[in-house]
Amino acid sequence: LRLSDGTFTGSVNVGFTPSDVAVTPDGTTAWVVGQTKIVPVALPGLTLGTTITVAGASLAGIALTPNACWGYVTNANGPSVVPVNLTTGATGAAITTDASPSGVAVAYTPRTYYYEVEGTRNLWTSPASSQQSVSFGQPSRDY
């Protein structure tokens, strides 16, 4: 795991094949996602926290809210984006997508969310009601 300052902290076996990682704004935790699991990894010590399982999912991407209390994960089996309370492990109502999403991003202001499906970035502005979804552009993998 290489940190933004260029230092290499090492590696850790999370117990599954990871597909994406998101680091909290304060740099203390990396949230690793893959298969049906999400696991926190404390930085820089690489200590594993409690694994969260999203039953029946095929997780590919993760994005964190600014306070890192919620993670939004893409589920190819849904297809959907699933909000997960990272403190309790509880999942919120899935946001249905039109195809299997591969990546997700959260824009902090205004409250806007993105997910990527087959190279097209999609936007929704009201995750609670799954309203106002539009598609645009050919995004790069880095949001």
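Two strands count as paired if DSSP finds at least two bridges between them. By that criterion, strand S7 (residues 70–75) and strand S8 (residues 80–85) pair in antiparallel fashion through six bridges. The structure is a predicted model, and its secondary structure consists of 13 strands and zero helices. The chain averages a pLDDT of 77, with 68% of the residues scoring at least 70.

**Overall composition**

- Read from the N terminus, the elements run β-β-β-β-β-β-β-β-β-β-β-β-β.
- The chain has 143 residues, of which 42% are buried.
- Its accessible surface comes to about 7,300 Å², and carbon and sulfur atoms account for 52% of that area.
- Among contacts between residues at least 6 apart in sequence, 28% join residues at least 24 apart.

**The four-stranded sheet**

- Four strands form an open sheet in the order S6-S7-S8-S9, and their pairing is antiparallel.
- Strand S6 (59–64) and strand S9 (95–96) each have a single partner strand and stand at the edges, so one side of each is left without a neighbour in the sheet.
- In general, strands of a sheet pair through backbone hydrogen bonds, in either a parallel or an antiparallel manner.
- S6 and S7 run antiparallel and are joined by four bridges; in this pairing, Ile62 stands opposite Val73 in S7.
- S7 is mostly covered, with five of its six residues buried.

- Thr65 is found in the loop between S6 and S7.
- Thr65 has a relative accessible area of 9%, which is under the 20% cut-off, and is therefore buried.
- The side chains of Thr65 and Asn67 are joined by a polar contact of 2.8 Å.

**Asn77 and its surroundings**

- Asn77 is found in the loop between S7 and S8.
- Not counting residues up to four places away in sequence, Asn77 touches Gly56, Ala57 and Ser58.
- A polar atom of the Asn77 side chain lies 3.1 Å from the backbone oxygen of Gly56.
- Asn77 and Leu59 are 18 residues apart along the chain, and their C-alpha atoms are separated by 8.2 Å.

**Nonpolar cores**

- The largest nonpolar core has 14 residues; Trp31, Ile38, Leu59, Ile62, Val73 and Val84 touch the most other members.
- Strand S2 (29–34), S6 and S8 each supply at least two residues of this core, and the largest share, three residues, comes from S6.
- A second, separate core comprises eight residues, including Val14, Ala30, Val39 and Val41.
- Leaving aside neighbours within four places in sequence, Leu59 is in contact with Ser19, Val33, Gly34, Gln35, Thr36, Lys37, Ile38, Val54, Val73, Thr74 and Asn75.

**Thr47 in strand S4**

- Thr47 belongs to strand S4 (residues 47–48).
- Beyond the residues up to four places away in sequence, Thr47 touches Pro40, Val41 and Ala42.
- The C-alpha atoms of Thr47 and Thr29 are separated by 9.5 Å, and these residues are 18 apart along the chain.

**Confidence of the prediction**

- Among the elements of the chain, strand S5 (residues 52–53) has the highest mean pLDDT, 96.
- The lowest mean pLDDT among the elements, 37, belongs to strand S13 (residues 134–136).
- Over residues 125–143 the pLDDT stays under 50, and the model has 48 contacts beyond four places in sequence for these residues.
- Where pLDDT is low, the predicted coordinates should not be read in detail.

Definitions and conventions. Residues are numbered from 1 along each chain as its sequence is written. This is a predicted model: local features need pLDDT of at least 70, side-chain atom pairs count only at pLDDT 80 or more; totals for chains, interfaces and linings use all residues. Side-chain values use heavy atoms; hydrogens and water are left out. Buried means under 20% relative accessible area, exposed over 50%, partly exposed in between (1.4 Å probe, protein chains only). Contact means heavy atoms within 4.5 Å. Accessible areas come from the Shrake-Rupley method with a 1.4 Å probe; for residues, only the protein chains shown count as cover. A nonpolar core is a set of buried Ala, Val, Leu, Ile, Met, Phe, Trp, Tyr and Cys residues joined through side-chain atoms within 4.5 Å. A polar contact is a pair of N or O atoms within 3.5 Å; within protein, one must be able to donate a hydrogen and the other to accept it, and residues adjacent in sequence count only if both atoms are side-chain atoms. pLDDT is the predictor's confidence in each residue, from 0 to 100.
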